Structure formats: C-alpha cells, structure tokens
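Colleague: Could you take me through some contacts between charged side chains, and explain each term as we meet it?

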Amino acid sequence: MKNSNRKKQLLKKSRTPLKKTLQEISQLLQGRIIGDEKVVISGVSGIKEAQAGDITFLANARYACLVSESRASAVIIDKEFSTKNIRGKSFIVVENPSLSFARLVELVAPVQVKFDPGISEKSHLGEGVKTGTDVHIAPFAVLDKNSFIGDRTVIGAGSYIGQETKIGKDCLIYPNVSIRERVVIGDRVIIHSGAVVGSDGFGFSTVKGVHKKIPQIGTVIIEDDVEIGANVTIDRARFGKTIIHKGTKIDNLVQIAHNVEIGDNTIIVAQTGIAGSTVIGKNVILAGQSGVNGHISISDNAVIAARAGVIRDVKQGEVVSGYPALSHNKTKRIQIAMTRLPEMLKKLSELEKKINELEKKADEA
Amino acid sequence: MKNSNRKKQLLKKSRTPLKKTLQEISQLLQGRIIGDEKVVISGVSGIKEAQAGDITFLANARYACLVSESRASAVIIDKEFSTKNIRGKSFIVVENPSLSFARLVELVAPVQVKFDPGISEKSHLGEGVKTGTDVHIAPFAVLDKNSFIGDRTVIGAGSYIGQETKIGKDCLIYPNVSIRERVVIGDRVIIHSGAVVGSDGFGFSTVKGVHKKIPQIGTVIIEDDVEIGANVTIDRARFGKTIIHKGTKIDNLVQIAHNVEIGDNTIIVAQTGIAGSTVIGKNVILAGQSGVNGHISISDNAVIAARAGVIRDVKQGEVVSGYPALSHNKTKRIQIAMTRLPEMLKKLSELEKKINELEKKADEA
Amino acid sequence: MKNSNRKKQLLKKSRTPLKKTLQEISQLLQGRIIGDEKVVISGVSGIKEAQAGDITFLANARYACLVSESRASAVIIDKEFSTKNIRGKSFIVVENPSLSFARLVELVAPVQVKFDPGISEKSHLGEGVKTGTDVHIAPFAVLDKNSFIGDRTVIGAGSYIGQETKIGKDCLIYPNVSIRERVVIGDRVIIHSGAVVGSDGFGFSTVKGVHKKIPQIGTVIIEDDVEIGANVTIDRARFGKTIIHKGTKIDNLVQIAHNVEIGDNTIIVAQTGIAGSTVIGKNVILAGQSGVNGHISISDNAVIAARAGVIRDVKQGEVVSGYPALSHNKTKRIQIAMTRLPEMLKKLSELEKKINELEKKADEA
C-alpha cells in the first residue's frame, strides 16, 4: 500500500508541469490548431505515458495507431497526419513535431542543473594550466600540467584532463571523465561520465609468444559539437591521430580503436565497436551492438544495422546487416530462408526417397 | 621455481580457513549428515578447486559427476542427490545447498571491509545537502547541492551524487560511481564502481543532416534491493523516467537506454543492451551479450538466451534465442540444420542431376 | 577555409618530427639500406598517412600493395619483401619491421608524459598504508587502509586502491581506476582509466523469485606484465580467486567474470566477455566482441574469431568462429552456403515440381 503510494508520488514528480492553453502553446511553436484552442494543457509527456491534460507528439508515422489510444489531450503532428477519425483530442500542426516538442519540453523543463562559473578550491591545477573566462572547475577535478580549458567550459567533479590537452569553449565534461595527455577537443563538445579519451591503442609486437607494447604516441582529436556517451572508450593513435569529426554523436559503451577516423554527423549507437585504422564517412549510422573490422572503409550515408558485423568496405548509402554483413535485402532473404531450414532438410530427404523410387521404376522399365 | 612457490603462497592465502567438525557445520546449517560426522573441515572451496579437508557443495545436478572427482572431504547436497556409489566423502543434506554454502562462506570469510560511519573532511558537500545517521562519505566523494543520503549508506571515494538526487538507506555506492541530478534511489541498493546512472538519453532530431540534441529532462528511478554492476550505464528519460523495479540485478557493462522500464527481480547478465522505451517484466532473465530493440515489450518470466537479439515482443514465460530471436526450440532446430547446410547444398545438386537424367529417360520413353 | 587551415595545423602538429639521414636511422636499427642512404627523413608515419620525407614500415605482407602507393620516402621492410619494381623509395631491411619502427617512434616521440616521484598532499592515504620508493601518488588518489604500493609505481588522479590491496613495482595505474580490497597486482602492470578490478562476482541464489546475494569473498590476482584496457571489468571470485597470468593483454570494455583463470600471454580484444569459472590457456587470442560461456575450458594457442560465441571446450591450437562456435573452416563453409539459401529454397521447390510430374508420368506409364 505504502509502496504503491510512494510510486504514485514518484510518478507525479517525474511528470513535467505546465499551465497553458493550446493557443498559447501553438503561438509559441508557430503551429496551426485543429480542435479546441482553449483546452488547458498541464503537462508534456510521451505518447504512451501521457495522461488527460498532457500534450504529446507523434514523431514517427509508424506509431500513428498510438494517437487514438493515447490519453493525451493534445498531440503535436506534422501536416501528413490525418486527424479525421480521432475524437476527443486537439492537434497542433507543425513542420517538425519532434523539434517543436523538444522546444516545448525545454520551456517547461525543471530548472536545468547549473554549474556556476568558478574554479573550486578543491580542484587541482598543475603548472602552466590556462583557463578561459567563466569556466567551472568542480571539486576534485584535475587539470594536469599545461592543459587548457576554453571559455565557459565545465569540468565535472573528479574528471581528469591530461598534460597539454586542449579543450575548447562551451564544453560540458561530466564527472569522472578521463582525458589523457595531448588530446585536442573542439567547442560545444559534451562528454558523459566515465568516458575515457586518449587511452593507449591496443598494439603489441609478439616475439616468441611474448607481447611487447608498441608505443602509442599519437593522439585523439574531437571536433566541434561531438557528443560522447557514458563509459565510451576512444584510444589514441599509434602515431598521427584518432579523429572524430564535427557533429558526430556517440552513445554509451562504444569502443573506438586507435587511428580510426569518423566523419561529420555520424551516429554511433550503444555498445558498437570499431577496430583500428578504419575510416567511417559522414552521416553514417552504426546501430546498436554493431562491429566494424579494422583497416576498412565505410562511406558517407551508409547504414550499419543493429548487431551487424562489417568485414569489408561499405559503399556510399549502402545498408548492410548480418554477420558477415551483406546488403540488408540479401540478409533479410537469408534470414527468412533460415527459418525454413528444418523444413528444407526434411523435404530434401523426402525428395531423395522419391527420386530413388523413380530411379528404381525407371530401371525396372 | 620462485614463481611457482609464490603461486602456491597466493593459492594458500586465497583459500578460506576453517576448523570445524562436520557435525558442528551440520548443526549450523540444520542439515543431516551422511558419513563421518567427526571429520575436521579446514576450508571451504568450489568443487573443482577443493583440496582434502575442504567442504564444498553441489548446486547443479549437471555437475553431479564432479562430486566423485572432487578432492573435497565433504559436500553439501540436496536430498535428490544419490551418494550411493561415492566413497571417501561425507555429506550434509540440506534444502538449498547453494544458500547453505553461502552462509558457511560468510561465516569463515575474511573480515569484510568495513566503512566506518563518518563524513570525510576530504569529501565535498554542496549547499543544502542532507545526510541520515551513520552515513559513510569517503574522501573525494561529492554530494552536489540539495542531494540526500539515507541512514547508513556508504558513498565511496570519488563518487559523484548529482544535484537533488536522493539515495535511500543502507545503500553501498562503491568508488568512482557517477549519479547525475534528480535521480531517486531506494534502500539497500548496491552500485559498483564506474557505473553511470542518469546520463542523457541518446536522442537527436536531425535537420538537414545535422543532429540537434533533444533535451533529456526526465530522470532515473532505482527501487529497493537493486544491484548495478561495474561500468553499467543507465540513461535518464527524455521525459518521465527510466525505472528499475525492486530486486533486479544487473551485471557489468550493461547498457539501459532512456525510458526503459524493468520489472521486479529481473536478472540482466553482462554486456547486454536494452534500447529506448522498451518495457521488461518481472523475473525475466536476459543472458550475457543479449540485445533488445527499442519500443518493445518482454513479459514476465521470459528468458532471453545469451547473445540473442530480440526485435519483437516476447510473451510471458517464452524462451527465445538467436538473432533475430525466435523460440529457443526453433532456433536450436535451425542451428542444427545450419551445420548440415554445406552437405544440403551438395545433395541438392546431386538430386538435380538425377532428376535431369530421369527426365531425359522419361522423354526418351 | 579557416576550418581547413585549422585542420592542417592539427595534422602538422600530430606528425612526429625527425631530422636524420637514412644512414643514421639504419645504423640505429642495425639494418641494411636499399636505395639512397643520404635521403633526409623528417617524420615517421603510418604507410597510408605518410608524406614525402617520412619513413614508414610494412608489417604485414597483406599490405605490400600499399608500399608503392605510399608517399613515404623510405620504408622499413623485412628480407622477404621484394623492392624490385618500386621506384622513388629507399628501404631499410631489418629482422622485425614492426619492432624496429616502434623503436624509431619511441626515439622521436614527443616527450613522454612524466609522473615525477612524490605523494600529492591532495591524495588520501589510510591507516597502515605502505609505499615503496619513488612512487607517484596523484591528487585525489585514495590508498585505503593497509594497502601497499611498490617502488616507482604511479597511481593516477582519482584512482582508488582498496583495503589490503597490494600493487607491485613499476606499475602504471591511470586516473579514475577502481581496485577493490585484497586484490594482488604484480610488477609492470598497466591499468587504463575507468577499469574496475575486484568488483563482486554476479552470483545470486533465487528463493521464490527473490535473488539473494551470494557473498563474493574471493579476490583477483593480476600477474606481472599484464595490461588492462579502459573501462574493463574484472570481478573478484566467489571464493578463491579470479586470476590473470603474466603477460596477458586485455583491450577496452572487456568483461571477465568471477573465478575465471586466464593463462600467460593471452590477447583479449575489445568488448569480449568471459563468463564465470571458465579457464583460458596460454597464448590464446580472443578477437573483438567474442563471448565465452561459463565453466568451460579453452586450451593453449586457441584462436577465437571476432564475434564468435563459444559454448563448449576448445582444444589446443583450435581456431573457432561463429555462434555457436565451430571450427573456423566449418563456419566458413556454412556462411558461404548461407548466402545461397534463398536460391536453394527456390531450387528445392522447382525440383519438387519436376519430381511430381515425373511421378505422374511414371504412374501413367
């Protein structure tokens, strides 16, 4: 009983409060209303979790069926969506429902956590460290010798910035991130907790069964607007650099090996691994738990499906899946055929019998 | 030589000392003795590692064959186990050998590491932080503004507790854990080193190839008695919450994306990934390196086999394996058939030849 | 424009400067020159990234075709490589090009990051801690009660060394590593940031659907010359020990469960997982994203291919791939046959039709 009350309380707290008419919201989003412009909206929420009084949005035509099932009072949609047979709901029509909803969410969000400018007396700055204006250096953060932190950048509690490493402006480095020496990071980069940037590449030279460490004296370059997820690992190059170009977004627990290059605006979903010296293009998508061999190349706009294992070059715009990864169409056909394998095996032995009988008859004839 | 001695020393040290008769142990475990109740037991150990004088246990009927091979002097078993043909060993029969052994191990364990109550002068407590009685806050731990730590909870060295985050009673947060703002954690929760709770969900809205960050203003709720492994990542919700219900146990390096809900007493083995907005029931088992798509539902008591990749809803009690995951029986039949594929390919072309000949003969006839 | 200049600048910086004649370099490497001994070498680089004036090396006969394509002025090769048809390049012939190149790289490397001996006043040493000579204990590192750090070992910023844990000589523990209590680490061990050693094994005893924690009172032993990658997790044993024998190298994000034993000089590539109580031999290779079941044994010199999932014992020197892992040859044949599955399915139904017609004819005859 108590527990259930507690849950309800938690739920209440986790919903985002709002108090606006649909008209006010529509003006804000520069949208067009279908339905009751005077309805009062008291919360924003996902389409499944929404309660009466909430506004939600439809991002993906695939979930259109959820609109009538949702308890939301209003839904942000695009102009393609037909509201014809839906009752008891109002709509705001906009260009990009997801973006509009995001703007709304920001508006009503709980006050965002702020990191006020200032260098904590409990942090440690080595010799020769330089910092821009209005940086936030949290307690127990370490800026090692000769590192540089740009204007307004936040270094979270317990994070380590290595010797001679340079971090640009307006970056957000969350607590307990480790960035090794001589790494270069651009502006507006976000790095989540537990990520490690610039660890040694995994390189050994084996002599009589004993592995000698190959020095990894290169570095890592992270360009502007990159986001790096929690507990991601990005190794420094053997020589030269591992480089993540601007706007690329990396989810949690991804491994990027030494000397990898990743183009602009690529998306890498959780638990994906990219082996050494591979080059990945622009606007590529690597879905979750995928893997890419070393020393290959994946061209712009390619899509690597979830759990795919890529062992050869992928052409521009190609969609691949499976392991070893083939064109997605081919993989799908193989996967369907696979489900029929036991039946094929059976049929094959039936046919064999029939043929043997036919042969016997033919011989007798 | 020296090395071998050193190893032996390490081995000796790593065995757990004990000095009790079997009778004393049996009383302790409320068991029934088969064999010599006066035998002196000098150590507890696994069935394979056990030496003469050790007591061990049989948890799994699958390993019954190991009992006679083991050098242990005594074995804790359940009443199903037949000791008939086994010589030179004594037995204690109990209800649950694994639990009984665990109790024995605890008894003889090296003194457990203690974290004495106290707030280290070398920790950092922000404004408005409140702590219960007898908390242990280790050096370099950070409790950020307005966070709350319940009675007897331990916050390990270098761990970060975000603004307004609430942690219940009797929790054990190991060193270098990062918990972000506004997370709610229940009682008796254990979080291992390097885990990250409340990092941003991976959500972007792409406009002309550029990915704009969708604010992730929701939170994470971890209920009572949950255990979270080392370097696990649990993302906060876009809005609303990511929630792990009570008694669920999560192994190392697991990824749980935004808005996921996981029911009571579910087991998630290492390196598994669960994509956004998926709902998982109670007492589900997700074995190692498995993956679950976003926006699907896995019902109570389902079992997801190791390395399975689940792309559709899983029914109550269903056991699935493979990728794309199918019922385990079906997957097994497919896997067996697959091993015969090269042979099938050969047979198929042989049959084709025979049929062509038969057709020729038929035409001639 | 600006951006492109900035990139060039970064590139320049990331190349490693040198200024030596080929003769000087050859003497250094005790090699033999083919070509112009007076050419001045100004940088070292990978074969693909090399510019005019650079020296590079050919490690793998597989990439021989890259030699003539490379812009490098000189290439370090072994005696097997034929330089016959290659123009405009000079060569140094050595025993092991990779090792020779590594030596060269070390020579011209940017001054390596140094951690000067000293115990930071901002670190924390618990009661009874002992340290050898010339250790480096960085700010915010914690040496918990009765731990021991050997001569010249470096403990990075924010790293945690548990109670009674012993670390040998000349180790390099990078920032934000967590090592729990009573772990034993040998000499010259390298542990990268975010790694967790000695977290609890994942063991529960389930009674009526509720999972009771099985105490994990064993430990972890890491022998000499082991390297552990960023964000790796190595669990302590239930009792006894998890042990990594000497010279084994572990890449990033690898999971090693409780009671696992890994032999000398084994290589474990990124994102691999090894389940509990499995024993792995010497000089084994586990390629990236592979997985190994619990309670099995992988013998010396075995090779587990990338993404393989091993569910049974692997013999000495065996090469396995696929999931469930079979001998690599068998897996390859199956994979090739799989690509022909849709075609087989089609052919099977064609043959069936033909047989039915033949049967009809035979019946009519």
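**Salt bridges and a buried charge**

Modeller: B:K347 forms a salt bridge with A:E352, their closest N and O atoms being 3.5 Å apart, where a salt bridge is a side-chain nitrogen of Lys or Arg within 4 Å of a carboxyl oxygen of Asp or Glu. This is a predicted model, in which local features need pLDDT of at least 70 and side-chain atom pairs count only at pLDDT 80 or more, while totals for chains, interfaces and linings use all residues. Residues are numbered from 1 along each chain as its sequence is written, chains are lettered from A and ligands numbered from 1 in the order in which they are written, and side-chain values use heavy atoms, leaving out hydrogens and water.

Colleague: Which helix of chain A holds A:E352?

Modeller: Helices are DSSP runs of H or I with at least four residues, and strands are runs of E with at least two, numbered from the N terminus. B:K347 lies in helix α6 (residues 341-364) of chain B, so its pairing with A:E352 joins two chains, and the helix of chain A is α6 (residues 341-364).

Colleague: Is C:E181 buried or exposed?

Modeller: C:E181 forms a salt bridge with C:R180, with the closest N and O atoms 2.8 Å apart. Buried means under 20% relative accessible area, exposed over 50%, and partly exposed in between, using a 1.4 Å probe and protein chains only. Because its relative accessible area is 8%, C:E181 is buried.

Colleague: What is the nearest side chain of opposite charge to B:D187?

Modeller: B:D187 lies in the loop between β18 (184-185) and β19 (190-191) of chain B. Lys and Arg count as positive and Asp and Glu as negative, while His and the chain ends are not counted. B:D187 is buried yet has no salt bridge, and at 4.5 Å the nearest side chain of opposite charge is B:R188.
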